[in-house]
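Please look over the sequence and the model shown here before reading on. The briefing is meant for a reader who wants the cut-offs alongside the values.

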Amino acid sequence: MTQPAFPSDFLWGAATSAYQIEGSPLADGAGPSIWHRFVRTPGLVKDGDTGDVACDHYRRMEADVQLMRELGLKAYRFSIAWARVLPQGRGAVNPGGLAFYERLVDTLLANGIQPMATLYHWDLPAALDDRGGWLNPDVADWFADYARLVFRKLDDRIKLWATLNEPWVVTDGGYLHGALAPGHRNRFEAPIASHNLLRAHGAAVRAYRAEGKHQVGLVVNIEPKYPATQSAADLAATARADAYMNRQYLDPVFLGRYPDEMREVFGEAWPEWPAEDFQLIGEPIDFLGINYYTRSVTRHDEVNWPVRASAVKQPGATYTETGWEVFPQGLTDTLVWARDRYGAIPQYVTENGAAFFDPPTAEDGQVDDPLRVNYLRKHIAAIAQARAQGVDLRGYFAWSLLDNMEWSLGYSKRFGLVHVDFATQQRTPKHSARYYAGVIARNGAAE
Ligand code: BGC
């Protein structure tokens, strides 16, 4: 008999985030977030789309949990909208906002689904942005106060907590290139935002140690960088790209310092950081969440600011609708790399998935998405491979449960296992959802 690849308590799940699915952004006393403002600035989001309705999950939560149950999900990763809980980001609590997440968690548990909550998935309260947002050093305390409040309310029912989702995207999109809220484009701001995100993470972990009894971790996106050639220029470009995207957050958390290449990337915009900050940033965490979508084959590119590196297209490879190469081996490599570099901390794949063009729903209610089925099959084989190499991987969350608001791409890109008709809010599980339900039922064994 072959050894089963996955233990019986392996968490097979799906992930979403608040702004991308909930809709009703100001309901029940919630405050606006930076996304509420960003989508209202003409030209920033494709087709002028907004998250005002999204998947209407705020009002359809019970039915969506039933859908999760039908798929056999063991776990569900969602995010909590800070401005629902604290409409001004700090100060007065909004019980209506907290009540929504309590109901969600209770409904999940009643259906045998384990919740994993992310405290920050990009939707900073607008009132805090007015005070400088992630550029204001006080944001670490604001975040810790918010975290403490939520831990006190929900740690009796939530056993897995993530502080931040993808700090790299928050700064690269929000403060360096401006494609995401709050839409700044400033090389001097980006390192400050990154550092304050890390301090906020550390402050929330400290708050958890005082308040919580379960597990807290950090979720980062990792895109492994492979050199296009062995030339010195390409190797150096690959190291810069890897430092900027992959090591910028994990090195401080696990190794107590930033990668040396950060200074090369940011030049005069890279400050000296107070040594004591690294104590806070390095607060031990219980697990590492990794979001993996693609890799990059990297070459030196003088004009691609500020990293001076760019990706080389791979002939013959499959690319998703967001232009990302399908490269399952990169997931195995990433999980093994994280273990080798940062130690044997438990890991979760907290997001993995792909946008493909899904044909219109057939009359018989079928959505045939063979490319996504193939993507899932190969990436699940890749996590089995990582486990075989000794990685302590405890769960896998497909991105995403539902087609949703893909940030500045609006509704033009569909990542869901479940198709959403945004005119009627009709949900239709795609073939990939059925496939994934089978994976879960077999606990990951190959068909
Ligand atoms: C984010 C999601 C996003 C997905 C696909 C991840 O970086 O966490 O919010 O929808 O990628 O772009």
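What follows covers the ligand and its surroundings, the pocket, the cavities and some points of backbone geometry.

This is a predicted model, in which local features need pLDDT of at least 70 and side-chain atom pairs count only at pLDDT 80 or more, while totals for chains, interfaces and linings use all residues. Residues are numbered from 1 along each chain as its sequence is written, and side-chain values use heavy atoms, with hydrogens and water left out.

**Ligand surroundings**

- An N or O atom in the side chain of His-121 is 2.8 Å from an oxygen atom of the ligand, and a polar side-chain atom of Trp-407 lies 2.9 Å from a ligand oxygen atom.
- For Trp-399, the distance from a polar side-chain atom to an oxygen atom of the ligand is 3.3 Å; a polar contact is here a pair of N or O atoms within 3.5 Å.
- The ligand taken alone exposes 310 Å², of which the protein buries 94%, with accessible areas computed by the Shrake-Rupley method with a 1.4 Å probe.

**The largest pocket**

- The ligand takes up the space of the largest pocket, on the rule that a molecule sits in a pocket if more than half of its atoms lie within 2 Å of its grid points.
- A pocket is an open set of points on a 1 Å grid over the protein atoms alone, with protein on both sides within 12 Å along at least five of seven lines, whereas a cavity is a set of points where a 1.4 Å probe fits but cannot get out; lining residues have an atom within 4 Å of a point.
- The largest pocket has a volume of about 1,300 Å³, a volume being the space filled by probe spheres set on the points, which are joined across faces, edges and corners.
- Of the 47 residues that line the largest pocket, Trp-168, Asp-172, Glu-223, Met-245 and Trp-324 are the closest to its centre.
- By class, this lining has 23 nonpolar, 14 polar and 10 charged residues, and its largest share, 4 residues, comes from H8, helices being DSSP runs of H or I with at least four residues and strands runs of E with at least two, numbered from the N terminus.

**Cavities**

- The count comes to 4 cavities of 30 Å³ or more, and about 150 Å³ of space lies in the largest cavity.
- Of the 16 residues lining the largest cavity, Tyr-19, Pro-25, Ser-33, Ala-81 and Arg-84 lie nearest its centre, and H4 gives the most to this lining, with 3 residues.

**Backbone geometry**

- Most residues other than glycine have a negative phi, and most peptide bonds are trans.
- A cis peptide bond, with omega about -5°, joins Trp-305 and Pro-306, and Pro-306 lies in the loop between S8 and S9.
- Another cis peptide bond, with omega about 10°, joins Trp-399 and Ser-400.
- Asp-56, a residue other than glycine, has a positive phi near 55° and is found in the loop between helix H2 (34-38) and helix H3 (57-71).

Terms used: A polar contact is a pair of N or O atoms within 3.5 Å; within protein, one must be able to donate a hydrogen and the other to accept it, and residues adjacent in sequence count only if both atoms are side-chain atoms. Ala, Val, Leu, Ile, Met, Phe, Trp, Tyr, Cys and Pro count as nonpolar, Asp, Glu, Lys and Arg as charged, and the others, Gly among them, as polar.
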